[in-house]
Amino acid sequence: MTAETMTAETVTTPGRRLPRHRYRIGLIALVAAAAYSVIGLVKLVTFRASTYDLVIVD
């Protein structure tokens, strides 16, 4: 596709939508990480998990 065939709408639309999309995805990832951390800490405090359960073992 050459520059002459691209319209102004197709050039500017992804540039405007991408940052909002990145913020939304980042927010979803942050909320999921926070929820997973809280669940893990609650399990640890209530003695339903040990420190071994919170460690990744290769």
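Modeller: At 78% relative accessibility, Phe47 counts as exposed. This is a predicted model.

Colleague: Where is Phe47?

Modeller: Phe47 sits in the segment after α1.

Colleague: What is phi of Phe47 near?

Modeller: Near 60°, which is a positive value in a residue other than glycine. Most residues other than glycine have a negative phi.

Colleague: And Thr46, where is that, and is it exposed, partly exposed or buried?

Modeller: Thr46 is also in the segment after α1. Its relative accessibility is 41%, so Thr46 counts as partly exposed.

Colleague: Which backbone oxygen lies 2.8 Å from a polar atom of the side chain of Thr46?

Modeller: That of Val42, at 2.8 Å from the side-chain polar atom of Thr46.

Colleague: Moving to the helix. Which backbone oxygen lies 2.9 Å from a polar atom of the side chain of Ser37?

Modeller: The one belonging to Ala33. Ser37 itself is found in helix α1.

Colleague: How does Ser37 count, buried, partly exposed or exposed?

Modeller: Ser37 counts as partly exposed, because its relative accessibility is 40%. The cut-offs are under 20% for buried and over 50% for exposed, with partly exposed in between.

Colleague: New topic. Which residues form a nonpolar patch on the surface?

Modeller: Leu27, Leu30 and Val31. Together they have about 310 Å² of accessible area.

Colleague: Where is Leu30 placed?

Modeller: In helix α1, which covers residues 8-45.

Colleague: Why does Leu30 count as exposed?

Modeller: Because Leu30 has a relative accessible area of 57%, and exposed means over 50%.

Colleague: What share of the residues of the chain count as buried?

Modeller: 3% of the 58 residues.

Terms used. Residues numbered from 1 in each chain as written. Predicted model: local features only at pLDDT ≥ 70, side-chain atom pairs only at ≥ 80, totals over all residues. Heavy atoms only, no water. Patch = residues over 30% accessible without salt bridge, like charges linked within 9 Å, V, L, I, M, F, W, Y side chains within 5 Å. Areas by Shrake-Rupley, 256 points an atom, 1.4 Å probe, with all protein chains shown as cover. Salt bridge = Lys/Arg side-chain N within 4 Å of Asp/Glu carboxyl O. Helix = DSSP H or I, 4+ residues; strand = E, 2+ residues; numbered from the N terminus. Buried < 20%, exposed > 50% of the residue type's maximum accessible area, 1.4 Å probe, protein only. Polar contact = N/O pair within 3.5 Å; in protein donor to acceptor, adjacent residues only side chain to side chain.
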